[in-house]
Amino acid sequence: MRVVVLTGAGISAESGLSTFRDSGGLWEGHDPMQVATPEAFAADPDLVQRFYDERRAALARVRPNAAHDALVRLERALGDDLLVVTQNVDDLHERAGATRVHHIHGRLQSAWCTTCDERHEWDGPLGHGPPCPWCGQATLRPDIVWFGEIPYGMDLVEQALWDCDLFVSIGTSGVVYPAAAFVHSARGATLELNLEPSEGASAFAESRQGPATQLVPAWVDELLGEATRTSS
Ligand code: APR
């Protein structure tokens with residue numbers, strides 16, 4: 001059973017990280033065109049750096065939840081037959097113990113030098129213009145895929161969707177592409193787990209509503225239960 005799981009901000013909501021489009025979400029307090037585009041970074045780098053410095057600092061105050069943990073249990077059972085493709089830039093999947101995670105929108109804890117093109121693991125702020133550890137230039141930007149930029153590793157993702165037996169989408173509103181179109185590329189069965197039906201809910205064979213910390217562990221139990229039954 002080859003499984004591809006897509007996660008969005010909803011899987012980290014119960015850990016205390018804001019989503020983007022829910023009430024009280026990040027895009028209520030910030031104009032995405034002012035903080036999440038290359039044009040915005042060129043126009044006002046301090047504003048953009050401050051936005052991501054605050055989000056990077058917030059990571060230290062939260063921890064993975066039962067939904068992240070359940071996907072690690074699934075990884076332990078499926079091994080290489082599981083791929084988690086996340087739109088999230090937080091590290092909660094990895095902190096839960098996940099190893100088969102691909103961040104299509106980048107990571108908060110990575111800094112990208114626009115002079116030497118090197119990327120560096122980064123936990124602290126970038127707002128004060130620290131020098132690149134490689135070339136020394138003060139040209140580090142958040143390693144985040146902004147609106148208008150190309151998500152990372154799309155060939156790998158498209159291949160995994162083509163090969164998968166089951167595609168599951170967790171905690172995403174289904175309004176941002178290309179992730180919102182993955183359900184159409186997935187050749188296997190499709191399932192949505194979300195607090196409310198997403199924009200693309202009708203494209204899924206099944207859509208379940210509820211908090212991720214309840215839906216995901218229950219679904220993993222079900223899948224592993226089925227796997228145990230069919231293998232015995
Ligand atoms: N459990 C399950 N789902 C939840 C929970 C929860 N506890 N809380 C919220 N949700 C659902 C909401 O119903 C919503 O459908 O998670 C979804 C969050 O949607 P968005 O805020 O739009 O986040 P996401 O879909 O990840 O955004 C996609 O947009 O802003 C860009 O690059 C950014 O990666 C992001 C992309």
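# Why do we call it that?

Guide: Helix 6 runs over residues 66-78, with 13 residues and 18 Å between its first C-alpha and its last, close to the 18 Å expected at 1.5 Å a residue. By the way, this is a predicted model: local features need pLDDT of at least 70, side-chain atom pairs count only at pLDDT 80 or more, and totals for chains, interfaces and linings use all residues. Residues are numbered from 1 along each chain as its sequence is written, and side-chain values use heavy atoms, with hydrogens and water left out.

Visitor: What makes a stretch a helix here, and where does an expected span come from?

Guide: Helices are DSSP runs of H or I with at least four residues, strands are runs of E with at least two, and both are numbered from the N terminus. The expected span is 1.5 Å times one less than the number of residues. Helix 5, residues 45-59, is another case: its 15 residues reach 21 Å, close to the expected 21 Å.

Visitor: Why is threonine 19 called buried?

Guide: Buried means under 20% relative accessible area, exposed means over 50%, and partly exposed is in between, using a 1.4 Å probe and protein chains only. Threonine 19 has 10% relative accessibility, so it counts as buried. You'll find threonine 19 in the loop between helix 1 (10-13) and helix 2.

Visitor: And glycine 148, what makes that one buried or exposed?

Guide: Glycine 148 has 84% relative accessibility, so it counts as exposed. Glycine 148 sits in the loop between strand 6 and helix 8 (154-163). Glycine 148 and alanine 36 are 112 residues apart in sequence, with 9.3 Å between their C-alphas.

Visitor: How do you know what threonine 19 is in contact with?

Guide: Contact means heavy atoms within 4.5 Å. Skipping neighbours within four places in sequence, threonine 19 is in contact with Ala9, Gly10, Ala13, Gly25 and Leu26.

Visitor: What makes something a polar contact?

Guide: You need a pair of N or O atoms within 3.5 Å; within protein, one must be able to donate a hydrogen and the other to accept it, and residues adjacent in sequence count only if both atoms are side-chain atoms. The side chains of threonine 19 and aspartate 22 make one at 2.6 Å. Another, at 3.3 Å, joins the side chains of glutamine 109 and aspartate 123.

Visitor: Why is glutamine 109 called buried?

Guide: Its relative accessible area is 14%, so glutamine 109 falls on the buried side of the cut-off. Glutamine 109 belongs to strand 4, and its contacts beyond four places in sequence include Arg56, Leu59 and Trp122.

Visitor: Which residues of helix 6 are buried?

Guide: Ala67, His68, Ala70, Leu71, Val72, Leu74, Glu75 and Leu78. An α-helix has 3.6 residues a turn, so residues three or four places apart point the same way. At the start of helix 6, a side-chain oxygen of asparagine 65 comes within 2.8 Å of the backbone nitrogen of alanine 67. Just after helix 6, glycine 79 has a positive phi of about 60 degrees.

Visitor: What is in the shell around the ligand?

Guide: The shell divides into nine nonpolar, 10 polar and four charged residues. Ala, Val, Leu, Ile, Met, Phe, Trp, Tyr, Cys and Pro count as nonpolar, Asp, Glu, Lys and Arg as charged, and the others, Gly among them, as polar.

Visitor: How far is threonine 172 from the ligand?

Guide: An N or O atom in the side chain of threonine 172 is 2.6 Å from an oxygen atom of the ligand.
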